[in-house]
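Here are my notes for someone opening this one for the first time. Have a look around before you read on.

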Amino acid sequence: MKVRCKHCGREFSSETALKRHIKDLHKSYYYAPRIILAVAVALLLVAAGAFLLTRQGLGAPISGIECHSGEAVSYHVHTLLEIYLKGEKVKIPANIGIIPGHCMYWLHTHDETGLIHVEAPRQMKFTLGQFFDVWGQQLSSDNVLGIDLASSNLEMRMYVDGERYLGDPREIELVDNRLIILDIGPPFAK
Ligand SMILES: [Zn+2]
Ligand SMILES: [Zn+2]
């Protein structure tokens with residue numbers, strides 16, 4: 001049984017011979033389906049990667065705090081956070097909540113002063129717990145920055161605008177011009 005090449009009309013005695021002929025003389029027809037498939041797979045992988053990156057990884061919302069890239073900020077207030085451990089001031093890093101070249105979380109820092117910038121598209125209630133979540137640090141009545149207070153024989157005294165605060169540290173609201181002090185001791189800073 002003879003087979004005919006549909007590209008040039010030449011006849012061959014077997015499918016194998018025809019296949020070899022197409023591969024040798026009509027390279028583009030031979031490789032085209034493979035190239036299209038490879039490109040399709042590559043595009044699919046890129047799309048899936050981008051999807052996963054924004055859904056579960058870089059820039060994904062943290063505790064309801066979204067990461068926005070270069071859009072209008074209509075709500076912009078600042079809360080100052082100071083943390084003391086055994087009388088020593090704990091450095092709060094710059095650029096918490098900022099993914100360079102990608103996005104900025106509604107709660108972030110620009111320098112090491114402890115100034116928390118609240119920059120959001122609209123006025124919302126934000127809490128210290130959400131800021132610690134964006135920071136990637138622990139905050140509760142028993143654990144601050146990974147320090148287990150009870151087992152370290154430490155106690156945390158909290159002050160909000162100079163007043164002693166006895167509630168849940170995570171619930172302290174980040175309102176404009178507020179000063180939050182977490183004083184962990186003894187010895188205490190205050
Ligand atoms: Zn700001
Ligand atoms: Zn900012």
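1. First, the ground rules. This is a predicted model, where local features need pLDDT of at least 70, side-chain atom pairs count only at pLDDT 80 or more, and totals for chains, interfaces and linings use all residues. Residues are numbered from 1 along each chain as its sequence is written, chains are lettered from A and ligands numbered from 1 in the order written, and side-chain values use heavy atoms, with hydrogens and water left out.

2. Helix 1 (15-25) and helix 2 (27-56) each give the patch at least two residues. Helices (H or I, at least four residues) and strands (E, at least two) are DSSP runs numbered from the N terminus. Lys23 sits in helix 1 and counts as partly exposed because its relative accessibility is 36%; buried is under 20%, exposed over 50%, and partly exposed in between.

3. How much of helix 3 (residues 128-135) is covered? Seven of its eight residues are buried, among them Phe131, Phe132 and Trp135. Those buried residues pack (contact is heavy atoms within 4.5 Å) against several strands, including strand 4 (75-85), strand 9 (115-120) and strand 14 (178-185).

4. Now the backbone. Most residues other than glycine have a negative phi, and most peptide bonds are trans. Asn95 has a positive phi of about 65°, in the loop between strand 5 (88-89) and strand 6 (98-99). Leu145 has one near 55°, in the loop between strand 10 and strand 11 (147-148). Asn95 counts as partly exposed at 45% relative accessibility, and so does Leu145 at 21%.

5. Finally, check the segment after strand 14, where Pro186 lies. The Gly185 to Pro186 peptide bond is cis, with omega near 5°. The bond from Pro186 to Pro187 is cis too, with omega near -5°.

Definitions and conventions. Buried < 20%, exposed > 50% of the residue type's maximum accessible area, 1.4 Å probe, protein only.
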